[in-house]
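Keep the viewer open as you read.

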Amino acid sequence: MPDPNGHRTPTGTGPYLAEGPRTALRRFTGADAAEFTARARESRAHHHPWLFPPERSDTYAAYTEALARDPAREGFLVCERGTQGEGEADGAIAGFININNIVLGGFRCGALGYGAFAHAAGRGLMGEALGLVMDLAFGPLGLHRLEANIQPGNAASIALVRRAGFRLEGFSPDFLHIDGAWRDHERWAITAPAP
C-alpha cells in the first residue's frame, strides 16, 4: 500500500525490508548521515569517476529528502549482517541501491542506481543485496523490468548485473551527464520471472 508520498512499502521484519544471510535492506534515515557521509568520503577513490554519493550532512539530507518525497524512486541502504569484534551485531552500511525513474502502468519499470562503499567492495555483499532488491521490485513493488545503465569502463558494476542475470540490450552514446561531461553507457536489463 502506498504511503502518503506514494511509495509502495515492502514488508519485512523489524527495521529491515528484506534480509539475506549477510545483508539486509532498510530505508535511509537522518540518523544515518554521519556513517553514510564518512563511508562516502572514505570511498571517493573507489567511486571515482563513476559515482558521487553525498559526502556532507547537508547534501545527504537533500538526497534522502528527495528520495522520500518522490514516488518514482525507492531507496535502500545495504546493511551488513553478522558479527564484528566482540560478537556484537554489525549493521554497518555497506552500500546503497536505489530504484529511480519508476514508471507503472503498462511499463512497470525502474532504473537502478547503486554503490558499494570501499570497505565492502569485492565481498559479494552487493550481489546478495541486489538479489533482495530484485525480489522486492518484482514482488511487493509490482515492477516487471529493472534497468541498469553503466559506463563501459566500470567492470565491477557490469560484473554485478551480469551475475544477477541482467542482459546487455544496447549502447547509448552521451547518455548521462556525470562529472561535467556526457558519458556513454551500456544498457543492461532484466525482467520479472514468468509466473
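Strands β9 and β10 pair in the antiparallel sense over eight bridges. Strands count as paired if DSSP finds at least two bridges between them, and the elements themselves are DSSP runs numbered from the N terminus: helices are H or I runs of at least four residues, strands are E runs of at least two. Within this pairing, H177 has W182 in β10 as its bridge partner. The two strands form a hairpin with two residues between them, and D179 in the turn has a positive phi of about 55°.

Before going further, a word on the ground rules. This is a predicted model, in which local features need pLDDT of at least 70 and side-chain atom pairs count only at pLDDT 80 or more, while totals for chains, interfaces and linings use all residues. Residues are numbered from 1 along each chain as its sequence is written, and side-chain values use heavy atoms, with hydrogens and water left out.

On its other pairing, β10 (residues 181-191) meets β8 in the antiparallel sense over six bridges. Here T191 in β10 is the bridge partner of R145.

Now step back to the whole sheet. Which order do the eight strands take? The open sheet runs β1-β2-β3-β6-β7-β8-β10-β9, with mixed pairing. Its edge strands are β1 (18-19) and β9 (167-178), each of which pairs on one side only. At the β1 end, two bridges join this strand to β2 (residues 23-26), and the two run antiparallel. There, A18 has L25 in β2 as its bridge partner. As background, strands of a sheet pair through backbone hydrogen bonds, either parallel or antiparallel.

Next come the charged pairs. A search of the whole structure finds 12 salt bridges, each being a side-chain nitrogen of Lys or Arg within 4 Å of a carboxyl oxygen of Asp or Glu. The table lists some of them.

| Salt bridge | N to O distance |
|---|---|
| R39 and E42 | 3.6 Å |
| R56 and D58 | 3.0 Å |
| E169 and R145 | 2.4 Å |

E42 is exposed, with 54% relative accessibility. In the remaining pair of the table, R56 is partly exposed at 48%, and D58 is partly exposed at 46%.

Finally, some backbone details to look up in the viewer. The peptide bond from H48 to P49 is cis, with omega near 10°, and P49 lies in the loop between α2 (44-47) and α3 (57-69). R108 is not a glycine, yet has a positive phi of about 45°. You will find R108 in the loop between β6 (93-103) and β7 (109-116), where R108 is partly exposed, with a relative accessible area of 37%. D174, also not a glycine, has a positive phi of about 50° and is found in strand β9.

Terms used
Buried means under 20% relative accessible area, exposed over 50%, partly exposed in between (1.4 Å probe, protein chains only).
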